[in-house]
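I opened my notebook and made a list of things to look up. Here is what I wrote down as I went along.

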Amino acid sequence: MNTPYDVRLLAGGFCIALGLFAAPLQAQTHKDEHPGGAVQKLELNQGKKWATDEPLRKGMDEIRNLIAAKEQAIHKGKLAKQDYAALGSKIERQVAYIVANCKLDPKADENLHVVLAEVIAGADAMQGKEKKTSLRAGAGKVTAALNTYGKYFDHPGWKKL
């Protein structure tokens with residue numbers, strides 16, 4: 001069983017790896033050079049959504065459910081600082097679960113990294129780790145990432161927030 005410390009290490013290692021591949025979803029592209037000069041951008045799989053596996057769907061469903069449960073309080077500005085922190089921590093644990101268990105083809109995985117980077121950035125902001133982004137804006141980043149995920153990944157029953 002993972003302790004919170006183990007989860008933080010796993011998520012932290014994933015964040016370092018994502019730093020090589022990911023950037024904000026607002027532009028849905030980034031210009032970081034990869035080995036060999038390839039430029040990463042969020043894209044469909046020849047016009048179709050990327051395939052998903054059970055661990056990815058389970059983790060993303062849980063993240064969506066966590067945000068949806070607090071959506072009204074977030075929109076009304078009534079979610080307490082400690083509730084944002086707890087929500088961000090729970091989201092972080094789900095990202096760690098996805099990273100540990102999800103097995104996608106390399107191109108789908110590259111696209112998923114872009115989405116998860118924004119989820120992680122939002123969760124960090126919600127926990128007060130990102131001082132330039134408000135707690136509420138962090139939740140907005142996670143919501144935007146979830147909605148982008150639904151545009152690019154084949155997840156039966158997925159609903160936009």
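How many helices and strands make up the secondary structure of the protein? I counted five helices and two strands, taking helices (H or I, at least four residues) and strands (E, at least two) as DSSP runs numbered from the N terminus. Reading from the N terminus on, I noted the order α-β-β-α-α-α-α.

A reminder to myself: this is a predicted model, where local features need pLDDT of at least 70 and side-chain atom pairs count only at pLDDT 80 or more, while totals for chains, interfaces and linings use all residues. Residues are numbered from 1 along each chain as its sequence is written, and side-chain values use heavy atoms, with hydrogens and water left out.

**Whole protein.** I found that 40% of the 161 residues count as buried; buried means under 20% relative accessible area, exposed over 50%, and partly exposed in between (1.4 Å probe, protein chains only).
Next I looked at contacts, meaning heavy atoms within 4.5 Å. Among those with a separation of 6 or more, 71% join residues 24 or more positions apart.

**Two helices.** I turned to helix H2 (residues 54-75) and helix H4 (residues 106-126), whose axes come within 13 Å and cross at roughly 35 degrees. Axes here are lines fitted to C-alpha atoms, for helices over the stretch in contact, with angles from 0 to 180 degrees between N-to-C directions. On the H2 side, I listed Leu56, Met60, Ile63 and Ile67 as making the contact; on the H4 side, Leu112, Val115, Leu116, Val119 and Met126. I sorted these residues into nine nonpolar, no polar and no charged, where Ala, Val, Leu, Ile, Met, Phe, Trp, Tyr, Cys and Pro count as nonpolar, Asp, Glu, Lys and Arg as charged, and the others, Gly among them, as polar.

**Rings.** Rings of Phe, Tyr and Trp (its six-membered ring) pair if their centres lie within 6.5 Å; planes under 30 degrees apart count as stacked, over 60 as edge-to-face and the rest as tilted. I got two aromatic pairs by this rule. Why is the pair of Tyr149 and Phe153 stacked? Their centres are 5.3 Å apart and their planes are at 15 degrees, so the pair is stacked. Tyr149 and Trp158 are edge-to-face, at 4.9 Å centre to centre and 75 degrees between the planes. Tyr149 is buried at 0% relative accessible area, Phe153 is buried at 1%, and Trp158 is buried at 16%.

**A histidine.** His155 lies in the segment after helix H5 (135-152) and is buried at 6% relative accessibility. Not counting residues up to four places away in sequence, I saw His155 touch Thr52, Arg57, Met60, Asp61 and Tyr149.
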